[in-house]
Amino acid sequence: MADTPDPFAAFAPAVHPAQITSVLFACTHNSIRSPMAAALLRHLHGHRLYVDSAGVREGDPDPFAAAVMEEMGIDISRHRAKTFDQLEDTSFDLVVSLSPEAQHRAVEMTRTTACDVEFWHTFDPSFIEGNRETRLAAYRQVRDSLLARIKQRFPLGPVPVL
């Protein structure tokens, strides 16, 4: 009876996706990719979303990341890396992991919570060797790919949904 319409369908409540109000970006050291992504999302959405970042391990501030973000007028020079264990709050609607290690840790952290986890495999530009311009180009590529992905996933307008 696949052709018979459901007589109760009109009475079913509409399913609306949950609104995203908090996002955690995570990478391996919380020194390049996740702080860049968090700063980009904050820049685009301001205080409409709570945004934080963390790493599997604590890394050192990266001057190349700060430089390419400054090119967009975004200051991350005061960012201090933190680990998942150092997060003040672990109640996020969405965790976006940017490295395989962070994905594993995000799945562990959210195992008992109602939180979605997305994996955006993002190249680590610190592996690029060469002169300053070569390295900055790699960081710009990561910044720009994160920006494009963030604009797609969190469009401007109404609050994004899960």
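Analyst: H1 and H2 pack at an angle of about 20°, and their axes are 10 Å apart. Axes here are lines fitted to C-alpha atoms, for helices over the stretch in contact, and angles run from 0 to 180 degrees between N-to-C directions. Helices (H or I, at least four residues) and strands (E, at least two) are DSSP runs, numbered from the N terminus. Please keep in mind that this is a predicted model: local features need pLDDT of at least 70, side-chain atom pairs count only at pLDDT 80 or more, and totals for chains, interfaces and linings use all residues. Residues are numbered from 1 along each chain as its sequence is written, and side-chain values use heavy atoms, with hydrogens and water left out.

H1 and H2 are therefore roughly parallel to each other; angles under 35 degrees count as roughly parallel, over 145 as roughly antiparallel, 65 to 115 as roughly perpendicular and the rest as oblique. On the H1 side, Met36, Ala39 and Leu40 meet Ala65, Val68 and Met69 of H2, where contact means heavy atoms within 4.5 Å. By class, the residues of this contact are six nonpolar, no polar and no charged. Ala, Val, Leu, Ile, Met, Phe, Trp, Tyr, Cys and Pro count as nonpolar, Asp, Glu, Lys and Arg as charged, and the others, Gly among them, as polar.

H2 (residues 63–70) also packs with H4 (residues 132–153): their axes come within 9 Å and cross at roughly 65°. H2 and H4 are therefore roughly perpendicular to each other, and H2 passes H4 in a right-handed crossing. From H2, Phe64, Ala65, Ala67, Val68 and Met69 meet Arg132, Arg135, Leu136, Tyr139, Arg140 and Arg143 in H4. This contact has seven nonpolar, no polar and four charged residues.

Now to the surroundings. The largest nonpolar core has 31 residues, of which Phe25, Met36, Leu41, Ile76, Leu98, Ile150 and Phe154 touch the most other members. Such a core is a set of buried Ala, Val, Leu, Ile, Met, Phe, Trp, Tyr and Cys residues joined through side-chain atoms within 4.5 Å; buried means under 20% relative accessible area, exposed over 50%, and partly exposed in between (1.4 Å probe, protein chains only). At least two residues of this core come from each of S1 (22–27), H1 (33–45), H2, S3 (94–97) and H4. Ile76 touches Pro35, Met36, Ala39, Ala65, Ala66 and Met69, leaving out residues up to four places away in sequence. Another core, of 11 residues, lies apart from the largest one and includes Leu24, Ala26, Ala106 and Cys115.

Asn30 has a positive phi of about 55° although it is not a glycine, and at 0% relative accessibility it counts as buried.

Finally, the whole protein has four helices and four strands, running β-α-β-α-β-α-β-α from the N terminus. Of its 162 residues, 43% count as buried.

Definitions and conventions:
A crossing is left-handed if the near helix is turned anticlockwise from the far one by less than a right angle, and right-handed if clockwise.
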